[in-house]
Amino acid sequence: MTLLIVIIVLALIFDYINGFHDAANAIATVVATKVLTPFQAVVWAAFFNFLAYWVFGLGVANTVAKTAETSEINLTVILAGVVAAIVWNLITWWQGIPSSSSHTLIGGFAGAALAHAIAVHGFADYTIVEEGVAHTRHWYNIVSWYKAGKDGGMPSGVFIIAAFIVLAPLLGALISYLISIWLLNASKKSIFPKIFTLSLMVLTIWFVQGQMVNYADIEKPRFDSHFWSVVFESHNIKWFLVAFIILTVSLFCLIFSSLNLHQATAWLKKMQLLSSAAFSLGHGGNDSQKVMGIIAAAVAVYIHTSGVDIITLPDWLQVVLPDDDKGIKGAMPGWIPLACYTAIAVGTLSGGWKIVKTMGSKITKVTSFEGVAAETAGALTLYFTEHFKVPVSTTHTITGSIIGVGLTKRVSAVRWGMTVSLLWAWVLTIPISAILAGLVYYALSLFL
């Protein structure tokens, strides 16, 4: 029990470090464009980090919890993974490198699990018994590398997470590029951009309406009123936000051509508050869930290794990992998401100014126009990836979005030397974290 509590405390410390390490993701552009002072920006971001508690579900947390086979590892594995993730995060923060806290945690968890498998089984095959049936396993099977999606849904596993090292920034860059082109054309006195904008508004309303969960499908309504239960259902809130973001930008595009330079700049700065809030919300929802997943995995491992019955545990440890194959729905005590969202919000309040400088000025020059496009694109990317339960990097997402708006000016507007350096840091994060976690696991095994 003591080791479990240590892991939970360290996981929350990691969440706090994640907050100030990734603070730059949400505030770099609003600081660079002087829409908010640094202090105002971190308070703004921290508030929406915490607000994510009421918006997002636990899909990403479940994906992270199943990075390794919880029935075949011990608490030392999780402790080693969290320690390695903390160390790598602090190193990259000290160097001002906007690396991925998400991939640091995934790499650490997977690396420690592999080290455990090698220590117990070597590189030989071994046999496990599940529900009376014997299965031959390889040492590397301890990590969930790839799992096909149910009913043709989104697949999961470390390979999918690693693929989004490339896909997340590309998606962010593509969306921000398209938004920038949309805004640039909307500034012209032509009827065609307005027709496009109105069509997009209709399509958005139609699409979001189709994603809504009706009252009859809500498992635990929050209110007696059908209307308010539907409005405040977490799944619906997320799609309301998507619609609100797109429709707000659309309304601005409809009046953009009638504004002079001063008026347009003033409007863009106000919109940047909205876009940075939306991105902070996505950052909180995406990154806090990863720590929830680690805590949930730690409790699951504790139950398995100690042999205790979950019924005998105190209410605050009543964690059940969902299993779609067996029809088991997950359960998580309310203190876990509340603690995780609080930790990342407090961490964001601490700020990460070295990374702010990298994100806000060293990639490309950012104005309010670029800030709105980049943050809006980043927020939409995070909302969609969270919907598919993919734990992506908010760092990669916003960096790609900033690059995308830079490309609308000219290719040379992006400082590619800095971008290549960031790309190397992204690619190396998972393997370095894995190796570091493996070494920490072997060191801890001498004492635990």
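Student: Which residues does Leu317 touch, not counting residues up to four places away in sequence?

Tutor: With those left out, Leu317 touches Met1, Leu4, Val299 and Pro333. Touching here is a contact, meaning heavy atoms within 4.5 Å. Before we go on: this is a predicted model, where local features need pLDDT of at least 70 and side-chain atom pairs count only at pLDDT 80 or more, while totals for chains, interfaces and linings use all residues. Residues are numbered from 1 along each chain as its sequence is written, and side-chain values use heavy atoms, leaving out hydrogens and water.

Student: Got it. Why is Leu317 called buried?

Tutor: Buried means under 20% relative accessible area, exposed means over 50%, and partly exposed is in between (1.4 Å probe, protein chains only). Leu317 has 0% relative accessibility, so it counts as buried.

Student: And where is Leu317?

Tutor: Leu317 is in the loop between helix 11 and helix 12 (335-350). Helices (H or I, at least four residues) and strands (E, at least two) are DSSP runs, numbered from the N terminus. The protein chain has 16 helices and two strands.

Student: What about helix 15: how does its span compare with what it should be?

Tutor: Helix 15 (residues 394-407) has 14 residues and should span 20 Å; its end C-alpha atoms are 20 Å apart, so the two agree.

Student: Which residue caps the N-terminal end of helix 11, and how do you know that?

Tutor: Asn260 does, with a side-chain oxygen 3.1 Å from the backbone nitrogen of His262. A polar contact is a pair of N or O atoms within 3.5 Å; within protein, one must be able to donate a hydrogen and the other to accept it, and residues adjacent in sequence count only if both atoms are side-chain atoms. After helix 11 comes Gly307, with a positive phi near 75°.

Student: Let's look inside helix 11. Why is Ser275 called buried?

Tutor: Ser275, which is found in helix 11, has 3% relative accessibility, so it falls in the buried class. A polar atom of its side chain lies 3.0 Å from the backbone oxygen of Gln272. Leaving out residues up to four places away in sequence, Ser275 touches Gly371, Val372, Glu375 and Thr376.

Student: And what makes Met292 buried?

Tutor: Met292 is in helix 11 as well, and its relative accessibility is 0%, so it counts as buried. Not counting residues up to four places away in sequence, its contacts include Leu58, Ala61, Met332 and Tyr341. The C-alpha atoms of Met292 and Val64 are separated by 8.5 Å, though they are 228 residues apart along the chain.

Student: Why is the pair of Phe227 and Trp228 called edge-to-face?

Tutor: Rings of Phe, Tyr and Trp (its six-membered ring) pair if their centres lie within 6.5 Å; planes under 30 degrees apart are stacked, over 60 edge-to-face and the rest tilted. For Phe227 and Trp228 the centres are 4.9 Å apart and the planes are at 75°, so the pair is edge-to-face.

Student: Is Phe227 buried or exposed?

Tutor: Phe227 is at 53% relative accessibility, so it counts as exposed. Trp228 is at 43%, so it counts as partly exposed.

Student: How do you know that Lys270 lies over the face of Trp267?

Tutor: A charge sits over a ring if NZ of Lys or CZ of Arg is within 6 Å of the ring centre and within 35 degrees of the ring normal. Lys270 lies over the face of Trp267, at 5.5 Å from the ring centre.

Key. The expected span of a helix is 1.5 Å times one less than its number of residues.
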